[in-house]
Amino acid sequence: MNFKKELAALLSTSLDNEIPASELELLIEKPKSEVHGDLAFPCFFLAKTKRKSPNVIAEELSKKIASPIFEKIEVIGAYVNIFLNKQTVAQKLITDILQKKESYGALDLGEGGKVTIDMSSPNIAKPFSMGHLRSTVIGNSLALIADKCNYYPLKINHLGDWGTQFGKLITAYKLWGEAEQVRKNPIKELLALYIKFHEEAQTDPSLVEEGRKWFKRLEEGDAEALTLWQWFRDESLTEFSRIYELMNVQFDSFAGEAFYNDKMDPVVKLLEEKQLLVESDQALVVELTEEQLPPCLIKKSDGATLYATRDLAAAIYRKENYDFKKSLYVVGHEQSLHFKQLIAVLDKMGYGWAQQMDHVPFGMMLKDGKKMSTRKGKVILLEEVLNESISMARQNIEEKNPNLLYKDEVARQVGVGAVIFHDLKNHRMNDIEFSLEEMLRFEGETGPYVQYTYARACSILRKGQWQSELSAEINHDSWDKEWKVISYLMEFPNTIKRAFENLDPSQVAKYVIDLAQAFNKYYGEVKILEESAEQQAKLALTASVTIVLKEGLRLLGLEAPEEM
Ligand code: ARG
């Protein structure tokens, strides 16, 4: 049910079909204030072609368009303001949502095309950082939104599983490590070994040499080195998987940096053939002077390949294997230069599809205004954060609803949901101040608040014995009190569209907050369950709200318990 579409079609006809309805639709606004109606069409842009003042055009247009869904048309300056017929619109909209259920709001922007999403991508043998958490949460939501827009998302975990650090790690493990310890607590143990290596190396330079040797053996395929590397990788991944499971995030591929070991030579050759490689300080680089970027380092003087070279190989591999329509990289903004260079080099290689790539940057997670670093004591281990959040949610349940069934499951849904929502409710470029108390509040702009609103609406439906299907026409004399909620419900498809176009899940997060607040206000003012001729209409509206809230939360990666 798209009322904007209907208006756009009428406008297009009234303008002698000179401008397609699809273009006009994009210009239709939702007025900031209710007193200006439900839809507004600004006429400024027509003044030039029509050789008339925009106000006159607005006046003329307002006389030409008419529809049973319009109650009133008003002209204010250059704007045609439309007041929708509440009765007709409410009935149509609610019927539509109840019929479509969770597919309400689905769009066909992608026509089934693939979109690869490089996300999460933690580094093996190191703790999962807050930056990796942000990447996981944002990437997962973008994948869900993409899917809703009929793209086919592929979530790729580009693990940091190769590099000189593995030579150091193997050296440290052979000197001081114990298999049992690593198995018990892989990340903590491997990190400790890594830190010890650096401490000892300060007084014993031979360690550095030893580390270099082991990395060389690893690159040459030495069996012992490879076995240890594989084992570190497996153990780390097992630990990361626990986090992914808690958060209900799955991946389509774990092809990390190591996966491209044998795929970089062809890229370097190709760069040579295209005469893009230049020697500089004994290293090979691609100059990006025209692009006003620093040169992109392809091969170091010792022949070792770099992060950028792997990403070149990865981008080409993804295009060849997935034939993506879009390729996204959800990585912190401190890597913006890297991705600019990556895209610029691919462009220089003649790959037009480089334009389909997008870096999706995000800000930092702060603690007391400072960057949270993985080094030294500042580590906040993500798994601990999630578990802490879950146990606080559990406490909350004990206080508020001690008889609830499935307390553990609900506590997980709420605790994890709080962490995810806290991340997504602000535009991704903003830095976030980390605070568990803030995340778990049941009021204000939090995940638990929206989940709680959903559960409350579900409880109303249970008490009203709502049958999930409409049994009769929805009757209501006046939809005035409901109108705010209805106008939000109407906005859902547009919200999804904006969220995808701007790669910005916060649009959906803000939307579910708005809808939840509007519904709570309505619930405070109107007795939904009171016996009356309107009871079915009110329940039908409440049911629509549950469908949209649940779907909105799902698009953010949150679950919605029916009781909490
Ligand atoms: N592992 C990297 C890091 O932790 C992020 C990788 C991002 N993805 C990529 N294709 N470069 O910084």
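Helix H18 passes helix H21 in a left-handed crossing. The two helices, H18 (residues 447-463) and H21 (residues 535-556), pack at an angle of about 145°, and their axes lie 9 Å apart. This arrangement belongs to a predicted model, in which the mean pLDDT of the chain is 93 and 97% of the residues reach 70 or more. The model scores are ipTM 0.99 and pTM 0.94.

**Overall architecture**

- The chain has 564 residues, of which 40% count as buried.
- Its secondary structure amounts to 21 helices and 13 strands.
- Along the principal axes, the C-alpha atoms fill a box of roughly 85 × 65 × 40 Å.
- Of the contacts between residues at least 6 apart in sequence, 73% join residues at least 24 apart.

**Helix packing around H21**

- On the H18 side, the contact with H21 is formed by Val 450, Gln 451, Thr 453, Tyr 454, Ala 457, Cys 458, Ile 460 and Leu 461.
- These residues meet Leu 539, Thr 542, Ala 543, Val 545, Thr 546, Leu 549, Lys 550 and Leu 553 of H21. By class, the contact of H18 with H21 comprises eleven nonpolar, four polar and one charged residues.
- Helix H19 (residues 483-501) also packs with H21, at an angle of about 35° and with the axes 11 Å apart.
- The crossing of H19 with H21 is left-handed.
- Val 485, Leu 489 and Phe 492 of H19 meet Leu 541, Ser 544, Val 545 and Val 548 of H21. The residues of this contact divide into six nonpolar, one polar and no charged.
- Val 545 of H21 is listed in the contact with H18 and also in the contact with H19.

**Ligand surroundings**

- The residues surrounding the ligand are Asp 118, Ser 121, Asn 123, His 158, Gly 160, Asp 311, Ala 314, Tyr 329 and Val 331.
- By class, this shell has three nonpolar, four polar and two charged residues.

**Glu 239**

- Glu 239 is located in helix H11 (residues 223-247).
- With 18 other C-beta atoms within 10 Å, Glu 239 is partly exposed, because a residue counts as buried at 20 or more such atoms and as exposed at 12 or fewer.
- Leaving aside residues up to four places away in sequence, Glu 239 touches Pro 186 and Ile 187.
- Glu 239 and Ser 389 are separated by 150 residues in sequence and by 19 Å in space, C-alpha to C-alpha.

**Loop residues with positive phi**

- Arg 51 lies in the loop between helix H3 (47-50) and helix H4 (54-64). Its phi is near 50°, a positive value in a residue other than glycine.
- Arg 51 counts as exposed because it has 8 C-beta neighbours inside 10 Å.
- Glu 111 is placed in the loop between helix H5 (86-100) and strand E4 (114-118). Although Glu 111 is not a glycine, it has a positive phi of about 45°.
- Glu 111 has 10 C-beta neighbours inside 10 Å and therefore counts as exposed.

Methods. Residues are numbered from 1 along each chain as its sequence is written. This is a predicted model: local features need pLDDT of at least 70, side-chain atom pairs count only at pLDDT 80 or more; totals for chains, interfaces and linings use all residues. Helices (H or I, at least four residues) and strands (E, at least two) are DSSP runs, numbered from the N terminus. Two residues are in contact if their C-beta atoms, placed from the backbone, lie within 7 Å. A residue is near a molecule or strand if its C-beta atom, placed from the backbone, lies within 6 Å of it. Ala, Val, Leu, Ile, Met, Phe, Trp, Tyr, Cys and Pro count as nonpolar, Asp, Glu, Lys and Arg as charged, and the others, Gly among them, as polar. Axes are lines fitted to C-alpha atoms, for helices over the stretch in contact, and angles run from 0 to 180 degrees between N-to-C directions. A crossing is left-handed if the near helix is turned anticlockwise from the far one by less than a right angle, and right-handed if clockwise. pLDDT is the predictor's confidence in each residue, from 0 to 100.
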